Amino acid sequence: MRGSLLICVVATVAGVAIGFIGGAFRWCLKAAEHLRVDFVDWAHRLPGPGWLLPLAAAAAGATLAALVVRWEPLAAGSGIQHVEAVFRGDARPPLIRLLPAKFVGGLLAIGSGLVLGREGPTVHMGAAIGAETARRARLPDAEVRMMQTALGGAGLAVAFNAPIGGTLFTLEEVTKSFRVKTVLATLIGASAAVGCSRLVLGNHPDFQVAPTGAPNLVWLPLFIAFGLLTGALGAAYNRLVLWFVDHVAALGRVPAPAKAALIGAVIGLAMFVHPLTVGGGDPVSQLILGGHHILLSVVIGYLVVRLVAGPLSYSAAVPGGLFAPLLAVGALWGLAFVGVFNLMWPTNASSLAIPMALVGMAAFFGATVRAPVTGMVIVVEMTATTTVIVPMMAATAAAVLAAYLVRSPPIYDSLRERMAVAAVIEDGRG
């Protein structure tokens with residue numbers, strides 16, 4: 001009983017810390033996004049080659065983020081695979097110096113326009129806070145690892161304003177078990193974290209969804225077919241992520257900051273063409289879920305750019321995750337699917353646009369990460385919408401099945417294996 005009470009106290013203290021820090025991180029990213037849009041608009045009005053300015057700004061941000069990673073190598077990438085490795089006993093819990101590296105590096109990378117997710121830094125920052133708090137409470141090593149795992153879930157909860165989703169992420173994706181102490185620590189940490197982050201960001205869902213009713217069940221086969229196609233698309237996306245990661249890492253003679261600068265320049269060029277093609281993706285998701293009309297050709301253009309820009313940005317090995325861009329791709333994919341279906345089917349199915357976008361967010365997440373329940377709950381919490389839960393469940397199940405049938409491993413399993421290989425190579429050099 002005494003040990004359980006101590007775990008509750010530690011989880012509360014750490015949850016409050018990641019709540020305020022993660023909330024501040026998200027607030028800074030929103031401010032950076034507004035500045036980025038205004039900056040691009042200003043560059044368009046300049047005489048001469050104004051496109052060079054967004055290109056240079058994105059390259060500079062990516063370069064500075066890569067220099068942060070040079071100071072703290074553990075800050076590279078998402079960090080979720082490291083949290084999983086720590087729980088499995090394959091890596092040591094992060095030190096607190098990771099916190100400023102992830103905060104500053106993530107702000108530079110995502111704020112400059114790279115197509116990366118805010119959840120990577122918040123998960124890793126939460127894990128570092130959880131591990132440090134547990135060490136200071138003199139908990140045993142096993143419970144230090146458990147606490148960093150639980151607070152990593154709290155960090156995800158802050159990133160998406162989804163306390164239940166963050167808890168399920170810890171249990172479904174990381175631990176793949178429901179141990180009482182882990183459940184208790186994660187629940188307390190996530191609730192404290194999201195409560196504090198809402199004091200910074202406001203007590204409301206992340207997305208405002210236009211009024212939409214439950215789709216007629218006659219459309220359920222269409223949602224299942226959409227889910228099967230989404231599973232194939234998710235498998236292709238995972239392979240593209242790994243292809244970029246492997247090929248960019250293979251350029252061993254090119255310094256990491258130079259690689260990041262080149263990737264940032266490419267993203268900066270896309271940003272000049274249209275700001276909605278870059279960044280985490282929340283603005284384009286809000287346009288879709290808010291019911292704004294977007295031309296099908298524009299939707300397909302956004303989708304194609306983001307399908308490539310996300311994996312390319314992740315290969316820069318700067319602080320940033322994959323989750324948030326996945327949600328934007330899923331929403332675009334759902335809207336594009338309905339648009340193409342409308343061209344081929346005599347019955348007008350435009351009423352399915354918002355439901356299919358919501359379903360696409362969850363199904364694409366499930367296909368790539370292979371955590372279907374977490375994906376569905378995150379989408380429901382972010383949108384405060386439950387009217388599409390039946391087609392969402394059917395499509396997400398179909399997407400996960402399709403990903404299994406094509407033998408596509410979960411993305412974080414593949415990234416964790418590459419992290420382990422890199423660690424062995426580094427130890428061999430040492």
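A salt bridge is a side-chain nitrogen of Lys or Arg within 4 Å of a carboxyl oxygen of Asp or Glu. The model is predicted, with local features requiring pLDDT of at least 70 and side-chain atom pairs counted only at pLDDT 80 or more, whereas totals for chains, interfaces and linings use all residues. Residues are numbered from 1 along each chain as its sequence is written, and side-chain values use heavy atoms, with hydrogens and water left out.

**View 1. The salt bridge of Arg118 and Asp206.** The side chains of Arg118 and Asp206 pair at 3.6 Å, N to O. Arg118 lies in the loop between H4 and H5, and Asp206 in the loop between helix H8 (180-201) and helix H9 (220-249); the two residues are 88 apart, and the pair thus links distant parts of the chain. Helices are DSSP runs (H or I, at least four residues), numbered from the N terminus. Twelve salt bridges are found in the whole structure.

**View 2. The two domains.** Domain 1 (1-201) and domain 2 (217-420) make up the domain assignment of the protein chain; such bounds come from an automatic or database assignment. Their centres, taken over C-alpha atoms, are separated by 21 Å. In contact (heavy atoms within 4.5 Å) are 56 residues of domain 1 and 50 residues of domain 2. About 4,200 Å² is buried between the domains, 69% of it on carbon and sulfur atoms; buried area is the accessible area (1.4 Å probe) that two parts lose on being put together, summed over both.

View 3. Two salt bridges cross the interface of domain 1 and domain 2. Glu84 and Arg416 are joined by a salt bridge of their side chains, at 2.6 Å, N to O.

**View 4. The side of domain 1 that touches domain 2.** Helices that each supply at least two residues to this side include H1 (2-45), H2 (52-71) and H3 (80-87). The largest contribution is that of H2, with eleven residues. By residue class, this side of domain 1 comprises 31 nonpolar, 15 polar and ten charged residues.

**View 5. The aromatic pair of Phe25 and Phe103.** The whole structure holds 13 aromatic pairs, defined by ring centres of Phe, Tyr and Trp (its six-membered ring) within 6.5 Å, with planes under 30 degrees apart counted as stacked, over 60 as edge-to-face and the rest as tilted. Phe25 and Phe103 are edge-to-face, at 5.3 Å centre to centre and 65° between the planes. Phe25 belongs to helix H1 and Phe103 to helix H4, 78 residues apart, so that distant parts of the chain are linked.

Key:
Nonpolar A, V, L, I, M, F, W, Y, C, P; charged D, E, K, R; others polar.
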